[in-house]
Amino acid sequence: MEMILVYTTFPDWESAESIVRTLLERKLIACANLREHRALYLWEGKIEEDTEVGAILKTEVGKWRELREALKEMHPYEVPVIARIEVDKVNREYAEWLERVLS
């Protein structure tokens, strides 16, 4: 089993928690870490500033395509970030837990 992290952001806690719960129920992820932060970004030629909820989703590489498609389908943003981050190493106990949870 090869672990990956997937990073995305949401406009608010409600959408973040709702979508993460759905992903957990579908066993597309084993865990998510949610953090609120300030975001500054360019949108339609202007600098925008807002509060977002960042999500680090923990899963295995075999779930990547289905997870990406589920996020695209459910995501409230017109152009969401859905970034796959390769994990070089993870402790054996966590990897075993992740495999158990996602099987």
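Tutor: Happy to. Let us start with helix α3, which spans residues 92–102 and has A95, L98 and L102 as its buried residues. These three lie on the same side of α3, because the arc they cover around the axis is only 60 degrees. The general rule behind such a pattern is that an α-helix has 3.6 residues a turn, so residues three or four places apart point the same way. Turn to the other side of α3 and you will find R92 and R100, both exposed. Please keep in mind throughout that this is a predicted model.

What, then, covers the buried residues of α3? The cover includes two strands, β1 (3–10) and β3 (46–60).

β2, residues 31–43, runs antiparallel to β3, and 13 bridges join the two. Together β2 and β3 make a hairpin, with two residues between the strands. In that turn sits E44, with a positive phi of about 50 degrees.

L40, L42 and I47 make a nonpolar surface patch of about 380 Å². Is L42 buried or exposed? L42 counts as exposed because its relative accessibility is 66%, and the cut-off for that label is over 50%.

Now for the wider setting. The chain has three helices and four strands, and along the sequence they follow the pattern β-α-β-β-α-β-α. Along the principal axes, the C-alpha atoms fill a box of roughly 45 × 25 × 20 Å. There are 103 residues in the chain, and 33% of them are buried, A95, L98 and L102 of α3 being among the buried ones. The accessible surface of the chain comes to about 6,700 Å², with 48% of it belonging to carbon and sulfur atoms. As for contacts, take those between residues at least 6 apart in sequence: 71% of them join residues at least 24 apart.

To return to where we began, α3 has its buried residues on the same side, with β1 and β3 included in what covers them, while R92 and R100 are exposed on the other side.

How values were computed. Residues numbered from 1 in each chain as written. Predicted model: local features only at pLDDT ≥ 70, side-chain atom pairs only at ≥ 80, totals over all residues. Heavy atoms only, no water. Buried < 20%, exposed > 50% of the residue type's maximum accessible area, 1.4 Å probe, protein only. Arc of directions from axis to C-beta. Contact = heavy atoms within 4.5 Å. Pairing = 2+ DSSP bridges. Patch = residues over 30% accessible without salt bridge, like charges linked within 9 Å, V, L, I, M, F, W, Y side chains within 5 Å. Areas by Shrake-Rupley, 256 points an atom, 1.4 Å probe, with all protein chains shown as cover. Salt bridge = Lys/Arg side-chain N within 4 Å of Asp/Glu carboxyl O.
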